[in-house]
Structures are given as structure tokens and as C-alpha cells.
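Open your viewer and switch to a cartoon drawing. This tour tells you what to select at each stop, and what is there.

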Amino acid sequence: MAGSPHGVVVLALEGVVPFELGIPARIFGGARGPKDEPLYQVLVCTLDGGPVRTHAGFSISVDHDASVLATADTVVVPPFGGCRPIDRLPGELAAALALIRPGTRVMSICTGSFVLAAAGLLDGRPATTHWNEAAELQRLYPRIRVDPDVLFVDDGDVLTSAGAASGIDLCLHLVRRDHGSEVANRVARQVVVPPWRDGGQAQYIERPVPEPHDAGTAPARSWALEHLDRPISLSELAARAGMSVRTLTRRFQEEVGMSPGRWLARQRVELARHLLETTDLPVDQIARQAGFGTAVSLRQHLHAAIGVSPMAYRRTFHPEVTATRASAGSPGGA
């Protein structure tokens, strides 16, 4: 995204939840380019430009009314009104949403998905919302393919997330999609959050806090991250965690929301993405360092995860390497 910053407009409605309202500015606003230039411009608006009462018992003032929605590249709708679902759009809100230009990316956080649903933006699409309201979203809008179990759903130009912290995950996902994992990781470090939680991870993890004196699978996961370049078996992970394979598999699902094998594959993909973005290593060498063994295996996993080949990914997020290899007559790997 060269040129002017990508314009993000956040719509604060009456009863807006302050935590979710602040997420876009914190994440998008923290994304900087190689010359420390802002990559996004975040504006907050209300329908009429006046103050709105928040769900937390105080009011906020903004600098813009809904007219700025017409300038947005991305529109964000956070939850409001005590997170109560809505089954229709009030006239003023419908008129505001009509200002959004065709092709604008639209995303919701938590029950802001009900606004997108009422506007017809989710018809025929996959979507999610807070798990406690997912059944109501499906009941009110049967044309939506509601997935109550995931952290967020990326359907291209329309994206939805579950409650609270998953809004951070979705914003980081978009930064990564727009500018690559290195930029997203820097933002995550700034706000001290995990740099990447997959959208398909479960919303509700049964054991969010370890029992006293129980480190769970964390030591095994930490060790695995330092040894992704080599084969890692379930029995080896279990031994590192001091558990049986059966217990390790169960605890992984409880603590991380996915199986050990799936978690390992995703960590390998993330390492490969990082190496594609930040090094000039050939793709077959990156495949070995990330534990895929061959460039063919890396290509298959990367395409399954994000829909592109290693070289297509590198052309997007590390184009100078591709240009150097092209000028030198080298294919640069698979």
C-alpha cells in the first residue's frame, strides 16, 4: 500500500463498548512503515458528530460525523448498546452505512456483527460473533453461515470477530494481510499481545489458567519453537511436557484450542513467512529451516494457510529480493 495511509473509520454508536472502540486506533495506529511512516489513518465518528454515551457509564466526544464513512478504505463497527442484538437498522444508521463506498472493507468486533447482518452485508457469507450471541445471530439472520466457535472470519471484504480480545486478533490479521508479519509483529510487541492467533482457534478454551504448580504444555511449546527445523513427534513433545501422549493431546486442545500437530504446522508456516519477508534465503532452504523439508511441502502448507505460493508471498512482502534474483537470472526457489 504505497502513497497515503489506508483510511480506517470506526463508527461509535450509542452505548459503544470502550475497550473494543479503542482497538482499531491502538492496532492500526501503531503500524508503521520502513521510514516510520503511518500505514493507517484512524478516524472515529458518530452518526451526527455529537457525543455518545458508552456502555461503561461515561460519554465520549469525537471529531467527525458519519460523512467520513464515505472516505473510508476500511470501516469498523464495534459492539454497542450493552451488546444487545438488533434485528433491524434504525433509519439514521441505515443512511450512514449507505455512505460507504462499494468495495470498502467492512469489519465488526463482537456483536457489531448484528449491524453488518441487519445491513445485509453478511447474507450468504460465513461470519462469527460472540459465542453467547451466535445462536441469536443465526436465528435472526438464517442466510448467514454463523460459526460460533472461531475467533474471527475473513471473507475478503467483509470480516467479523468474536468478543473483546478477538478484535485485536482480527486487526493484527489485517495488518499482516496488508503489510506482512514483520509489521504486525512489531505492533503486537508494542501492545504486548500474542502476535498471531489463528482465526480458526476456538473462542472458548476450557483451561485458560493452569492449575497451581502446573506449567501445562507451555515448556513443550517453548522448546518446540526453538526446534522447528527438525521433525518433532508427539511422543517427544509429551516427554518434554512430562505427560503421556494422550494427556498432552488433551491439554493442548484445552490450553491452545487446537491439536499439537495443527499447532506445529501453523508455527512452521509463521516461521517460513518471517524468513520469506526478512531474508534472501532460497525457498528450499527456508523450507528446511521451518521444518517442512522440501519446497514442495512448504508450498502446499503456505497455500493452504494463506492461498499463495512462497514466491508470490515474497514478491508482495519482500519485493527487493525478487527483483534482485530476477536481474541476476535466478529463479529464487519454488
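Helices (H or I, at least four residues) and strands (E, at least two) are DSSP runs, numbered from the N terminus. This is a predicted model, in which local features need pLDDT of at least 70, side-chain atom pairs count only at pLDDT 80 or more, and totals for chains, interfaces and linings use all residues. Residues are numbered from 1 along each chain as its sequence is written, and side-chain values use heavy atoms, with hydrogens and water left out.

**Stop 1: two loop residues**

Select Cys-110. It sits in the loop between β6 and α3 (113-118). Now select Asp-36, in the loop between α1 and β2. Phi is positive here too, near 65°, and again the residue is not glycine.

**Stop 2**

Select residues 6-11, strand β1, and residues 40-45, strand β2. The two run parallel, and six bridges join them. Two strands pair if DSSP finds at least two bridges between them. Find His-6: opposite it, in β2, stands Tyr-40.

**Stop 2: the whole sheet**

What is the order of the six strands in the open sheet? Read across: β2-β1-β5-β6-β10-β9, with mixed pairing. The edges are β2 and β9 (152-154), each pairing on one side only. From one strand to the next, the twist averages 15°. Show side chains on a strand and keep one rule in mind. In a regular strand, side chains alternate between the two faces of the sheet.

**Stop 3: helices on the sheet**

Return to α1. It lies across β1, β2, β5 (74-77) and β6 (105-108), and runs at about 165° to β2. Axes are lines fitted to C-alpha atoms, for helices over the stretch in contact, and angles run from 0 to 180 degrees between N-to-C directions. Contact means heavy atoms within 4.5 Å.

Next, select residues 165-179, helix α5. This helix packs on the sheet and touches β2, β6, β9 and β10 (158-161). The directions of α5 and β10 make about 145°.

Now show α1 and α5 together. Their axes come within 9 Å and cross at roughly 25°. The two helices are therefore roughly parallel to each other. Angles under 35 degrees count as roughly parallel, over 145 as roughly antiparallel, 65 to 115 as roughly perpendicular and the rest as oblique. On the α1 side, the contact residues include Phe-19, Ile-23 and Phe-28. On the α5 side, they include Ile-168, Leu-172 and Val-175. By class, the contact has eleven nonpolar residues, one polar and no charged. Ala, Val, Leu, Ile, Met, Phe, Trp, Tyr, Cys and Pro count as nonpolar, Asp, Glu, Lys and Arg as charged, and the others, Gly among them, as polar.

**Stop 4: α7 and α8**

Select residues 218-225 (α7) and 234-241 (α8). Their axes come within 7 Å and cross at roughly 125°. That makes α7 oblique to α8. Ala-220, Trp-223 and Ala-224 of α7 meet Glu-236, Leu-237, Arg-240 and Ala-241 of α8. This contact has five nonpolar, no polar and two charged residues.

**Stop 5: α10 and α12**

Finish with residues 260-278 (α10) and 295-306 (α12). The axes come within 10 Å and cross at roughly 100°. That makes α10 roughly perpendicular to α12. Among the contact residues are Val-269 and Leu-276 of α10, with Leu-298 and Ile-306 of α12. Eight residues of this contact are nonpolar, one is polar and one is charged.
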